[in-house]
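Try each task before you read its solution.

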Amino acid sequence: MGNIVKGLAYHQKAIALAEQINNPALLAIAENKMANIYKDRNESDKAIQLYKSSAAHAQQANNERLQSWGFANLGSVYLSINNLDSSLMFSQKAYEISLHLKDETVLPFVFINLANVQSKLGNSQLAISYYNMAIDKSIKLTSKARYLNLIYTGLAQHYHDQNQKDSTEYYARKSIDVVNHSPFFYLSSAPAQLLSTMYENNN
């Protein structure tokens with residue numbers, strides 16, 4: 001909890017500095033990082049407000065790459081509160097910017113959002129297609145453990161919702177394994193909880 005509070009205080013100072021020197025790009029970065037903390041704390045309203053402000057300041061700075069990250073993060077946080085229309089809209093905006101810039105950095109995250117949206121909408125084939133595209137883009141990255149964890153967790157949840165137990169267990173375990181010895185080890189909690197739920201339902 002202390003680290004989170006320190007993190008918020010640090011980003012608040014960064015936002016104040018960016019406003020003082022009138023640097024919209026720096027402001028966009030600081031707002032995006034602060035929004036990430038609120039998203040992780042499930043404070044969706046605060047995260048959404050900051051992500052939107054970040055995207056607006058990125059546009060003001062003529063920095064489309066920063067703007068695409070704001071949109072991608074909005075897609076993620078709207079997905080977390082089951083607002084699928086907004087998630088789809090912002091994820092597609094991030095995708096369009098990525099194509100325009102020919103910058104694939106944000107694509108794994110965007111494809112994960114789109115896959116999870118289509119999974120929740122019941123479009124199984126389209127969801128699997130997006131998951132596969134996310135994997136294809138992620139494995140090309142130097143730092144890929146976080147993305148692969150999110151992809152495999154999404155696949156595990158997808159198959160869990162379809163009551164396909166073997167596939168659920170397979171992808172949940174892959175999700176745990178890929179972050180087991182990485183700085184993102186804490187991301188194993190979601191797939192572990194999914195496995196626990198599945199085992200409880202079997203008994």
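**Exercise 1.** At what angle do helix α8 and helix α9 pack, and how far apart are their axes?

Solution. Find helix α8 at residues 145–161 and helix α9 at residues 165–179; helices are DSSP runs of H or I, at least four residues, numbered from the N terminus. In this predicted model, local features need pLDDT of at least 70, side-chain atom pairs count only at pLDDT 80 or more, and totals for chains, interfaces and linings use all residues. Residues are numbered from 1 along each chain as its sequence is written, and side-chain values use heavy atoms, without hydrogens and water. The angle is about 165°, and the axes are 8 Å apart. Axes are lines fitted to C-alpha atoms over the stretch in contact, and angles run from 0 to 180 degrees between N-to-C directions. Therefore α8 and α9 are roughly antiparallel (over 145 degrees).

**Exercise 2.** Describe how α3 and α4 are packed.

Solution. Helix α3 spans residues 44–60, and helix α4 spans residues 64–80. Their axes come within 8 Å and cross at roughly 160°. So α3 is roughly antiparallel to α4.

**Exercise 3.** Is K33 buried, partly exposed or exposed?

Solution. First locate K33 in helix α2. Its relative accessibility is 43%. Buried means under 20% relative accessible area, exposed over 50%, and partly exposed in between (1.4 Å probe, protein chains only). So K33 is partly exposed. Next, compare positions: K33 and I15 are 18 residues apart along the chain, and their C-alpha atoms are separated by 10 Å.

Conventions:
Helix = DSSP H or I, 4+ residues; strand = E, 2+ residues; numbered from the N terminus. Parallel < 35°, antiparallel > 145°, perpendicular 65-115°, else oblique.
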